[in-house]
Amino acid sequence: MTGSGLAEEAEGYLLAQSHRDQARREAEELCAQLPWLTTAEAEDLTTHFVRQRLDVSRRLLRGTVRRAAELREEYEARYAELRRALLRRHAAGACAVLACAVSVSAVVCDLIG
């Protein structure tokens, strides 16, 4: 694994831990608002809440990654299209300049000769 790959993996791990910690805090806040829960019930609710929250986060991140890939493809296709159009315009411009140069050269040759 490259250094960059390792850094990305570490960043992913830290992001996942951050999501898990945030979900746990939210679950604990929810349980604190339900004082009638037993300790076991509160732990079960916390476990379930964290699992659900992580599943939602995972789906959202996958959707974001998928959309980013779609956008990249769209932008790359548009960039390639614009590049081809620019190349055609430059080629047409160069041909026009060359045609003018040949015409001027022909006129100068006629005037001289």
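1. Asp-55, at 27% relative accessibility, counts as partly exposed.

2. This is a predicted model, in which local features need pLDDT of at least 70, side-chain atom pairs count only at pLDDT 80 or more, and totals for chains, interfaces and linings use all residues. Residues are numbered from 1 along each chain as its sequence is written, and side-chain values use heavy atoms, with hydrogens and water left out.

3. Helices here are DSSP runs (H or I, at least four residues), numbered from the N terminus. The C-alpha atoms of Tyr-75 and Ala-106 are separated by 46 Å, with the two residues 31 apart along the chain. Tyr-75 belongs to α2 and is exposed, at a relative accessible area of 59%.

4. Side chains of opposite charge can pair when their charged atoms come close. The structure holds five salt bridges, a salt bridge being a side-chain nitrogen of Lys or Arg within 4 Å of a carboxyl oxygen of Asp or Glu. One of them pairs Arg-53 with Glu-26, with 2.2 Å between the closest N and O atoms. Arg-53 is in helix α2 and Glu-26 in helix α1, so this pair ties together parts that are 27 residues apart in sequence. Arg-53 is partly exposed at 24% relative accessibility, and Glu-26 is partly exposed at 26%.

5. Another salt bridge joins the side chains of Asp-55 and Arg-58, at 2.9 Å from N to O. Both residues lie in helix α2, three residues apart, which is about one turn of the helix. Arg-58 counts as partly exposed, at 37% relative accessibility.

6. Arg-67 forms a salt bridge with Glu-74, and their closest N and O atoms are 3.6 Å apart. Through salt bridges that share partners, Arg-67, Glu-70 and Glu-74 are joined into one network. Arg-67 is partly exposed, with a relative accessible area of 38%, and Glu-74 is partly exposed at 45%.

7. The volume of the largest pocket is about 150 Å³. Its lining includes Gly-12, His-19, Arg-20, Ser-57 and Arg-58.

8. A nonpolar surface patch is formed by Val-104, Val-107, Val-108, Leu-111 and Ile-112, which together have about 520 Å² of accessible area. Patch residues have over 30% relative accessible area and no salt bridge, and nonpolar side chains are joined within 5 Å.

9. How many disulfides does a search of the whole structure find? The search finds zero, a disulfide being a pair of cysteine sulfur atoms within 2.5 Å. The sulfur of Cys-109 has its closest cysteine sulfur in Cys-100, 16 Å away, too far for a bond. Cys-31 is buried, at a relative accessible area of 12%.

How values were computed. Buried < 20%, exposed > 50% of the residue type's maximum accessible area, 1.4 Å probe, protein only. Patch = residues over 30% accessible without salt bridge, like charges linked within 9 Å, V, L, I, M, F, W, Y side chains within 5 Å. Areas by Shrake-Rupley, 256 points an atom, 1.4 Å probe, with all protein chains shown as cover. Helix = DSSP H or I, 4+ residues; strand = E, 2+ residues; numbered from the N terminus. 1 Å grid on protein atoms, 1.4 Å probe; cavity = no way out; pocket = protein on both sides within 12 Å on 5 of 7 lines; lining within 4 Å. Points joined across faces, edges and corners; volume = space filled by probe spheres on them.
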